[in-house]
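Hi everyone, thanks for coming. I'd like to walk you through one structure today, so please have the viewer open while I talk.

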Amino acid sequence: MPEARRAPGLTRGLLRARPTLIVMLKVPRPGRVKTRLARDIGSTTAAWWFRHQVTRLLRRLRDPRWRIVLAVAPDREGLTSRIWPAGLPRLPQGPGDLGQRMARALRAAPPGPVCLIGADIPGVTRAHIARAFAALGAAEAVFGPAPDGGYWLVGLRNASRVPNSLFDGVRWSSEQALSDTLASIPGTRVALVDVLHDVDTAEDLRAR
């Protein structure tokens, strides 16, 4: 398993290329998004929550230090939807499981540092993203752990060098998701940054 260490603070001039922040999201249609949350609060309410959560998140994370790219699903509807800001570039997530879709999005980013997050992390701020990019000055990969054993952020020093094995054998939606991902990239220098909660259930909403 790769060596993991805590990331240092943001250092000016540490990164030469302008980083890319990819946000994975779905068009907020009832029954298509936040299905676990929908079982607790209803599909319409879950879709409403997700739509407003993403709007707030995108507004909060805009920063001249990085470009934001939206990785959208379903592909055709997501690329043409007027729900999200028109000024942000979009790319289709495409087919496959979560790991295949994330790897595809990471490889589609311009050369240079890249981080990818989900859209359901209410607590994420620009400071969290800055610390993740700063960690890539010394590390080859960075992860933002979640309390349930998963992670809310994955990042790589260079989008043009995404390991072929990344996400192989990962047990998604389990407490082994982070450890499985680390095991998929042996020998990689890894940094861990802030622990944040995502929202999958009504209990997660109450814990915010």
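Let me begin with a term we'll need: rings of Phe, Tyr and Trp, taking the six-membered ring for Trp, pair if their centres lie within 6.5 Å. Planes under 30 degrees apart count as stacked, over 60 as edge-to-face, and the rest as tilted. Please keep in mind that this is a predicted model.

So, how many aromatic pairs does that rule give? The count comes to four. Take Trp66 and Phe133: their ring centres are 5.8 Å apart and the planes sit at 35°, so this pair is tilted. The two partners come from distant parts of the chain, with Trp66 in the loop between H2 and E3 and Phe133 in helix H5, 67 residues apart. Both Trp66 and Phe133 are buried.

Another aromatic pair is Phe143 with Tyr151, and here the geometry is edge-to-face, at 5.2 Å between centres and 85° between planes. Phe143 and Tyr151 are buried too. These two belong to one aromatic cluster, together with Phe167 and Trp172.

Now please find helix H2, residues 43-61. H2 has 19 residues and reaches 27 Å from its first C-alpha to its last, close to the 27 Å expected at 1.5 Å a residue.

E2 deserves a stop of its own. Six of the seven residues in E2 are buried, leaving the strand mostly covered. E2 pairs with E3 in the parallel sense over seven bridges, and Leu25 has Val72 in E3 as its bridge partner. E2 also pairs with E5, again in the parallel sense, over five bridges. There, Met24 stands opposite Gly118 in E5.

On to helix H4, residues 98-108. Its buried residues are Gly99, Arg101, Met102, Ala103, Ala105 and Leu106, and they pack against E2, E3, E4, E5 and E7. At the start of H4, a side-chain oxygen of Asp97 comes within 3.1 Å of the backbone nitrogen of Gly99.

Let me finish with two loop residues. Ser81 lies in the loop between helix H3 and strand E4. Is Ser81 buried or exposed? Its relative accessible area is 10%, and the cut-off for buried is under 20%, so Ser81 is buried. Leaving aside residues up to four places away in sequence, Ser81 touches Val27 and Arg90.

Pro186 is in the loop between helix H6 and strand E8. Exposed means over 50%, so at 60% relative accessibility Pro186 counts as exposed. Leu166 is 20 residues from Pro186 in sequence, while their C-alpha atoms are 9.7 Å apart in space.

That's my tour; I'm happy to take questions.

Technical notes. Residues are numbered from 1 along each chain as its sequence is written. This is a predicted model: local features need pLDDT of at least 70, side-chain atom pairs count only at pLDDT 80 or more; totals for chains, interfaces and linings use all residues. Side-chain values use heavy atoms; hydrogens and water are left out. Helices (H or I, at least four residues) and strands (E, at least two) are DSSP runs, numbered from the N terminus. Buried means under 20% relative accessible area, exposed over 50%, partly exposed in between (1.4 Å probe, protein chains only). Contact means heavy atoms within 4.5 Å. The expected span of a helix is 1.5 Å times one less than its number of residues. Two strands pair if DSSP finds at least two bridges between them. A polar contact is a pair of N or O atoms within 3.5 Å; within protein, one must be able to donate a hydrogen and the other to accept it, and residues adjacent in sequence count only if both atoms are side-chain atoms.
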